[in-house]
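Please have the structure open as you read.

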Amino acid sequence: MSTSRTELTKPNHLDEVPGWFKPLDQALFGFFLEETADRPGDLLEMGCYLGKATIVMGRHRGDGETFTVCDLFGDETQGSYSRKATLDFYEKTLSLRAFENNYLAFHEQLPEIVQARTDVLADRIAEDSCRFVHVDASHQYEDVCVDIDTTRTILRRDGVVSLDDYRNDRTPGVGAAVWESVFTKGMRPVCVTPNKMYATWDDPSPLQKRLREWAGETRDCVVAEDLIDGAVMLRLSSTAVKHGGPSLPKPRSSALKRIACDVLPPVVTRAVRRARRPR
Ligand SMILES: C[S@@+](CC[C@H](N)C(=O)[O-])C[C@H]1O[C@@H](n2cnc3c(N)ncnc32)[C@H](O)[C@@H]1O
């Protein structure tokens, strides 16, 4: 039955929100959203489904920052899905009402919602305005190319993009678009997880240095290094996923500081992180 006709219940915990957003990436979103928060910038999510990653991103929206989400929300009249099978799936499982219900269980105010295909965003979001973009809408090669090109224009130089399913065997078009952008459009990987690549158009090495420190303090997080055409790319994985253990992040050392970062509002965690960052 369509979610637009179903009685909606409010989720109490992020785990109750359907989606594919894994604990390691939930923790990494926190890392990158705080790392890019040294000055205000906007946030954008392309493809939010029922709001699992949106809810996490919303925690890190600072004062005066605009958070925009773009999705068709299962409604073909708002644009068109690239594949009929995609429409069939989302028509059954997704509605704008269900997204709003989930988001408002965790936040007082909705983000700016664009119910349309993501290809409208290039004309709606200002150049160099965003500090973090999540690309997770259509997984077709042509669409992802457009989404990455839009991101390149609207992301400020030191901003970070998260690219979903860059290596999923069911979504080869995403991999093709992502690696094409690395080799021909100046996109520079910071790190990869099993599900997402994190990249920038700036020098990735300062972020990689802090990411290593962060990974060292984060329980169940393993970091390795690869060279891609001479450029360092970090590879992060979670031992908790393999062993079915608890969600990241959990304190290993500096327990009080880490717990503070997990439970305090973003504005406070930002101050804690800044104080800890080497100058
Ligand atoms: C994989 S889901 C997103 C998952 C979500 N980010 C999360 O973490 O739970 C993909 C979403 O993209 C939307 N979508 C697919 N093609 C799109 C397009 N061309 N423009 C806008 N949204 C699209 C779908 O409606 C769906 O909600």
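The largest cavity is lined by Val135, Asp136, Ala137, Ser138, His139, Val144, Leu163, Asp164 and Val174. On a 1 Å grid over the protein atoms alone, a cavity is a set of points where a 1.4 Å probe fits but cannot get out, a pocket is an open set with protein on both sides within 12 Å along at least five of seven lines, and lining residues have an atom within 4 Å of a point. This is a predicted model in which local features need pLDDT of at least 70 and side-chain atom pairs count only at pLDDT 80 or more, while totals for chains, interfaces and linings use all residues. Residues are numbered from 1 along each chain as its sequence is written, and side-chain values use heavy atoms, with hydrogens and water left out.

The structure holds one cavity of 30 Å³ or more, and the largest cavity has a volume of about 40 Å³. A volume here is the space filled by probe spheres set on the points, which are joined across faces, edges and corners.

Now for the open space. The largest pocket has a volume of about 1000 Å³. It is lined by 44 residues, and those closest to its centre are Trp20, Tyr90, Asp136, Ala137 and His139. Helix 3 contributes four residues, the most to this lining.

The ligand sits in the largest pocket, meaning that more than half of its atoms lie within 2 Å of the pocket's grid points. Around the ligand are 21 residues, the closest being Gly47, Asp71, Tyr81, Thr118 and Asp136; a residue counts as near if one of its heavy atoms lies within 4 Å. The table gives polar contacts (pairs of N or O atoms within 3.5 Å).

| Residue | Residue atom | Distance to a ligand oxygen atom |
|---|---|---|
| Tyr49 | backbone N or O | 3.1 Å |
| Asp71 | side-chain N or O | 2.6 Å |
| Tyr81 | polar side-chain atom | 2.6 Å |

Taken alone, the ligand exposes 610 Å², of which the protein buries 97%; accessible areas come from the Shrake-Rupley method with a 1.4 Å probe.

Notes
A polar contact is a pair of N or O atoms within 3.5 Å; within protein, one must be able to donate a hydrogen and the other to accept it, and residues adjacent in sequence count only if both atoms are side-chain atoms. Helices (H or I, at least four residues) and strands (E, at least two) are DSSP runs, numbered from the N terminus.
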